[in-house]
Amino acid sequence: MYPLFRSLLFRLDAETAHGVSLSLLDGVYRLRLTGMLGAEARVADPVEIMGLTFPNRVGLAAGLDKNADHLDALGALGFGFVEVGTVTPEPQSGNPKPRLFRLPERGAIINRMGFNNAGVDHLVRNVQRSRFDGVIGINIGKNLTTPVERAVDDYLICLQRVHAHAHYVAVNISSPNTPGLRNLQFGEHLDHLLGALREECSRLDRETGRRVPLAVKIAPDMNDNETALVAKALAANGIDGVIATNTTVARDAVAGLPHAEEQGGLSGKPVFEPSNVVIRALRHHLPTMPIIGVGGVDSGETARAKRDAGADLVQLYSGFIYRGPALVAECARALKG
């Protein structure tokens with residue numbers, strides 16, 4: 001039935017459809033009718049990564065549920081883990097609309113949302129109320145009005161607020177939609193940020209007696225040398241995992257299509273191979289570090305390709321929008337064992 005829902009939703013502009021679909025999902029979840037959308041019972045394939053037991057290897061990427069408003073409904077679709085956010089210390093409205101565009105000819109999406117969210121305290125309240133029994137990741141970022149030179153302050157605030165409620169914390173330094181953010185991926189900026197976060201997370205771990213892994217989400221738009229430098233910084237600062245990758249600013253794969261020239265990050269099929277290139281490089285430089293692969297996963301076959309590239313877990317986003325809930329079990333079965 002999901003193809004019918006999708007055909008109706010795709011008649012709306014992308015952001016309106018996003019909100020409507022999540023509201024409908026909440027209603028279907030409350031009525032215990034998620035099977036109508038093609039969802040299956042969660043595929044059991046427990047695996048230990050970053051010291052956490054994931055019920056299976058398939059997760060939902062950050063960005064779809066920025067405020068954890070729909071965590072239980074999304075979790076009921078069979079995901080082993082759900083990553084919510086990106087969240088910032090203070091609420092912010094994000095970039096002007098329109099800011100979300102479909103490119104169905106390539107199974108792609110362009111967004112320039114700009115970390116629109118209701119603030120970290122709102123997200124924490126929702127996570128506290130959640131009944132989702134999988135792994136919950138919380139993705140953190142900085143407010144638009146915070147200068148890059150003081151970005152570490154925002155990340156520390158978010159880390160302190162979410163530590164008690166997250167199974168792992170993901171540090172987003174790779175969105176192309178917050179000016180200057182990607183500068184944090186390199187050199188002294190990166191070492192300063194990661195060192196401060198590692199120190200504070202370790203302090204919170206000792207204080208609470210509960211270890212919360214730190215993962216860092218990186219961009220696909222890096223050359224081999226840049227990827228090697230990022231890998232070196234991750235290892236040197238004791239980071240527990242890496243999420244590869246965020247959206248791309250490249251447009252070669254969608255040139256000439258409607259909306260292709262819109263500013264923002266491109267996700268979906270066009271980022272599949274660029275993200276795999278980064279995953280392979282990371283696995284070469286970081287042979288034992290857990291990698292969460294994301295970008296262009298829209299079938300069991302592409303999920304396996306992420307694993308073959310070196311990913312331990314995979315996340316869905318654009319493929320989930322185009323394929324619907326049935327994709328979750330398909331990918332989980334493909335990765336089982």
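This is a predicted model: local features need pLDDT of at least 70, side-chain atom pairs count only at pLDDT 80 or more; totals for chains, interfaces and linings use all residues.

**Stop one: two cis peptide bonds**

Select Lys 97 and Pro 98. A cis peptide bond joins the pair, with omega at about -5°. Pro 98 sits in the loop that runs between strand S4 (81-87) and strand S5 (100-103). Now jump to Ala 244 and Thr 245, where you'll find a cis peptide bond with an omega of about 10°. Thr 245 belongs to the loop between strand S10 (241-244) and S11. What makes these spots worth a click? Most peptide bonds are trans.

**Stop two: positive phi**

Stay in the loop between S10 and S11 and pick out His 259. Its phi is near 75°, a positive value in a residue other than glycine.

Next, select Arg 32, in the loop between H2 and S1. Here phi is near 60°, again positive in a residue other than glycine. Is Arg 32 buried or exposed? With a relative accessible area of 77%, Arg 32 is exposed, since the cut-off for that is over 50%.

Move along to Met 36, which is in the loop between helix H2 (14-30) and strand S1 (47-49). Met 36 is partly exposed, at 40% relative accessible area.

**Stop four: the largest pocket**

The largest pocket has a volume of about 730 Å³. Its lining has 42 residues, and the closest to the centre are Ala 62, Gly 63, Leu 64, Lys 66 and Tyr 317. Which element gives the most to this lining? H2 does, with 4 residues. Among the others that each supply at least two are strand S6 (108-111), strand S13 (313-316) and helix H10 (318-323).

**Stop five: helix H5**

Finish by selecting residues 151-162, which make up helix H5. At 1.5 Å a residue, its 12 residues should span 16 Å, and the end C-alpha atoms are 17 Å apart, so the two agree. Colour the buried residues of H5, including Val 152, Tyr 155, Leu 156, Leu 159 and Val 162. As you look, remember that residues three or four places apart in an α-helix point the same way, because there are 3.6 residues a turn.

Key. Residues are numbered from 1 along each chain as its sequence is written. Side-chain values use heavy atoms; hydrogens and water are left out. The expected span of a helix is 1.5 Å times one less than its number of residues. Buried means under 20% relative accessible area, exposed over 50%, partly exposed in between (1.4 Å probe, protein chains only). On a 1 Å grid over the protein atoms alone, a cavity is a set of points where a 1.4 Å probe fits but cannot get out, and a pocket is an open set with protein on both sides within 12 Å along at least five of seven lines; lining residues have an atom within 4 Å of a point. Grid points are joined across faces, edges and corners, and a volume is the space filled by probe spheres set on the points.
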